[in-house]
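Please walk through the model below, strand by strand and then ring by ring.

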Amino acid sequence: MLITKDNIYDTHKCRLLRKYELTEHESLFLFRFEDPEVAQNWRYLPGQFVELSMLGYGEVPISICSSARRMGFFELCIRNAGRVTDRIHKLQPGDIVGIRGPYGNGFPVDQFHGRDLLCVAAGLGMAPLRSVFLYAIDNRWLFGNITIINTARYGKELLFQKELEAMKDIATAENIAIIQSTTRDPDWPGLKGRATEHMDKANVDPKNCAVAMCGPPAMYRGMFNYLVDAGYDPRYIFVTLERRMKCGVGKCGHCNIGTATSWKYACKDGPVFDYYAIISIPGLI
Amino acid sequence: MQTYTIRKDEIPKLVEALKEEYEVFGPMPKRTSYVFAPVTDPTKMNLDYDSTIMSPKKYYLPSSQTLMEVSLKNATIEDTVKDILDQKPKILFGVHSCDINGINFLNRVFDGKYDDPYFQAYKEITTVIGLNCLEPCKYGFCRAVNKNFVLDGYDLFLTEISDTHYYVHVGSPRGDRILTIAHEFFKEAKEEDGAAFTAALHKKHENLPVALHIDNIHETLDLAWDDAIWDELGEKCMNCGSCALVCPTCYCFDVQDEVDLSISKAERVRKWDTCLFYDFALVAGNHNFREDPPARLKYRFYHKFRGAIHDQGEIACTGCGRCIDACPAGISIKDVLFRLQEYWAASPTPQGGL
């Protein structure tokens with residue numbers, strides 16, 4: 001639920017409670033709203049994002065990374081990639097930031113209920129997808145088998161690698177398959193190769209499976225070919241995309257994706273798009 | 001509806017009378033052209049202007065505008081909507097139909113589920129006195145895009161009915177307020193004034209060119225997606241963004257935090273931005289979704305004539321022709337539309353017609 005202020009650009013104060021270094025460039029930040037009423041009532045869907053405001057530096061759109069069912073707190077996984085995110089990485093627990101949102105459509109998780117779930121992430125794609133599979137794990141009875149494929153170029157870039165590794169024993173008992181793989185790391189002891197190369201290990205029924213993906217365009221193309229050939233239902237294939245965003249509410253025009261027959265704002269109509277949108281809107285990926 | 005007339009030679013006196021309550025802006029001469037500017041000397045304001053360099057968009061969406069005042073010392077952030085509402089009310093005098101349609105379009109963008117309080121505040125304090133165009137201007141093609149008339153968006157609307165008089169329509173309570181505080185200038189319209197108004201509209205329809213029809217523009221653009229015209233124009237385009245700056249409907253903006261030299265405070269500033277700039281769709285990691293100039297130019301055309309129909313229900317062009325005047329590369333949106341129209345005409349149609 002969007003807790004609106006009179007001014008759509010106004011922010012809620014959030015306190016950083018914990019900072020956890022995931023990789024060299026990415027850290028996980030745990031926030032809580034200062035206003036108890038907002039903290040209690042703030043709701044979001046997996047796949048939605050917030051605008052994080054650093055006073056004097058600017059705003060950045062960041063996917064929410066935590067489960068939508070764990071209320072009062074939320075986590076953001078942020079890569080140090082620019083001026084604002086560099087400042088965010090210098091935050092210490094107790095520091096205050098501004099948050100507005102949540103924005104975007106998010107994954108239509110209610111359509112996923114009763115289905116198997118396949119999450120495929122490459123690199124930083126794990127950040128938005130973590131909100132999806134944590135949601136599924138928190139609502140385990142609503143889903144069939146779950147498979148999580150997490151890939152990166154190098155082992156040290158693999159996001160949430162330890163978290164997923166630690167989950168593995170319980171996960172197996174709960175019919176959750178966790179596959180972690182690297183594509184270029186010669187020293188990586190585990191699986192190697194791209195997501196498509198490990199699809200044989202996926203413990204899901206293609207006919208009755210929802211797919212959530214996030215990664216670079218090359219991964220989408222490979223996965224789309226595989227999924228459609230393997231008989232996955234295209235109506236339940238979803239990806240979440242990245243665009244430059246300023247306002248987050250469909251005004252500033254930056255995230256517009258326009259072609260001859262379609263016109264979308266990544267912030268308002270996305271960032272989650274279905275398979276049909278991807279194949280019918282050139283330029284989306 | 002009650003209508004009025006006003007003598008042309010009394011307009012300066014009217015402006016002077018309105019200045020007590022309002023800050024008045026109107027078409028003022030500047031070198032060889034006109035600009036919307038404060039009417040310091042009402043006798044200099046020229047309602048026979050053909051077009052201004054910039055559109056009155058700037059009174060609703062300033063080129064640079066502080067959204068938030070940030071105190072870095074106290075970590076507080078405060079919006080500036082109240083500052084807008086505290087300003088002296090404004091009157092925009094002599095706004096042509098194209099520009100009123102432009103303001104209406106911006107209103108569609110900034111309204112909706114996420115209502116933009118700054119735009120609404122400017123709307124709140126601004127009174128629009130429209131002016132009917134009876135003669136074509138140099139670059140305009142408003143009639144081709146059906147923007148040569150207005151349905152709403154004005155508070156008063158003037159139409160020249162003789163060498164000495166304007167016919168006045170009242171469009172809102174705000175317009176009625178002007179009649180109240182300056183009633184001595186307005187006479188109730190008589191029957192012959194009404195006849196003169198009809199004659200003026202006839203004259204307008206005879207005068208305004210209609211060579212271009214864009215009824216099928218969305219289908220035309222669907223067909224023209226892979227046309228060579230975009231590469232050709234993209235090579236010419238300098239990506240300077242002049243067209244977007246002068247455009248009455250271009251609304252894209254950038255938001256930046258600007259820190260004061262004292263480092264104790266900052267401002268969150270909204271500035272005009274345009275899709276023609278290199279970094280418009282650039283994301284972290286240096287991926288650019290529209291890297292090549294032709295892609296950006298094509299995007300702008302498609303947003304104007306295709307995307308805006310999806311979003312706002314109408315094309316984002318009012319036919320004011322300012323971008324044609326402003327373009328240093330000589331790209332004319334009108335010529336492009338003409339060529340696209342040919343594309344449509346040349347496209348295959350079913351045998352035997354419909």
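In chain B, strand S7 (residues 126–131) and strand S8 pair in the parallel sense over 3 bridges, where two strands pair if DSSP finds at least two bridges between them. Helices (H or I, at least four residues) and strands (E, at least two) are DSSP runs, numbered from the N terminus. The model is a predicted one, in which local features need pLDDT of at least 70 and side-chain atom pairs count only at pLDDT 80 or more, while totals for chains, interfaces and linings use all residues. Residues are numbered from 1 along each chain as its sequence is written, chains are lettered from A and ligands numbered from 1 in the order in which they are written, and side-chain values use heavy atoms, with hydrogens and water left out.

Within S8(B), B:Phe157 is the bridge partner of B:Gly130. S8(B) is also joined to strand S9 (residues 165–170) of chain B by 5 bridges, and these two strands run antiparallel. B:Thr159 has B:Tyr167 of S9(B) as its bridge partner. S8(B) and S9(B) form a hairpin, with 4 residues between them. Is S8(B) enclosed or open? Of the 5 residues of S8(B) (residues 156–160), 4 are buried, so the strand is largely enclosed by the rest of the structure. Buried means under 20% relative accessible area, exposed over 50%, and partly exposed in between, with a 1.4 Å probe and protein chains only.

Helix H5 (residues 173–181) of chain B has B:Gly175, B:Ile178 and B:Leu179 as its buried residues. Viewed down the axis of H5(B), these residues fall within an arc of 100°, so they line one face of the helix. The arc is that of the directions from the helix axis to the C-beta atoms.

Chain A has an open sheet of 7 strands in the order S10-S9-S8-S7-S11-S12-S15, with mixed pairing. Strand S10 (191–192) and strand S15 (272–274) of chain A stand at the edges, each with a single partner strand, so one side of each is left without a neighbour in the sheet. For S15(A), strand S12 (residues 237–240) of chain A pairs with it in the antiparallel sense over 3 bridges. A:Thr240 stands opposite A:Val272 in S15(A).

Two helices of chain A lie across strands of this chain. Helix H4 (residues 126–138) lies across strands S7 (116–122), S8 (146–152), S9 (176–182), S11 (209–214) and S12 of chain A, running at about 160° to S7(A). H6(A) lies across S7, S11 and S12 of chain A, at about 165° to S11(A). Contact means heavy atoms within 4.5 Å. Axes are lines fitted to C-alpha atoms, for helices over the stretch in contact, and angles run from 0 to 180 degrees between N-to-C directions.

Over all chains, the structure holds 29 aromatic pairs. Rings of Phe, Tyr and Trp (its six-membered ring) pair if their centres lie within 6.5 Å; planes under 30 degrees apart count as stacked, over 60 as edge-to-face and the rest as tilted. The rings of A:Tyr220 and A:Phe224 have centres 6.4 Å apart and planes at 25°, so this pair is stacked. Both residues lie in helix H6 (residues 217–229) of chain A, 4 residues apart, about one turn of the helix. A:Tyr220 is buried, at a relative accessible area of 2%, and A:Phe224 is buried at 7%. Elsewhere in chain A, one aromatic cluster is formed by A:Phe29, A:Phe31, A:Phe33, A:Trp42, A:Tyr44 and A:Phe74.

Charges over rings come next. A:Arg32 lies over the face of A:Phe73, 5.3 Å from the ring centre, and the charged end of A:Lys156 sits over the ring of A:Tyr154, 5.4 Å from its centre. The criterion is NZ of Lys or CZ of Arg within 6 Å of the ring centre and within 35 degrees of the ring normal.

The backbone remains. The peptide bond from A:Gly101 to A:Pro102 is cis, with omega near 0°, and A:Pro102 is in strand S6 (residues 96–103) of chain A. B:Arg31 has phi near 50°, a positive value in a residue other than glycine, and is exposed, with a relative accessible area of 85%.
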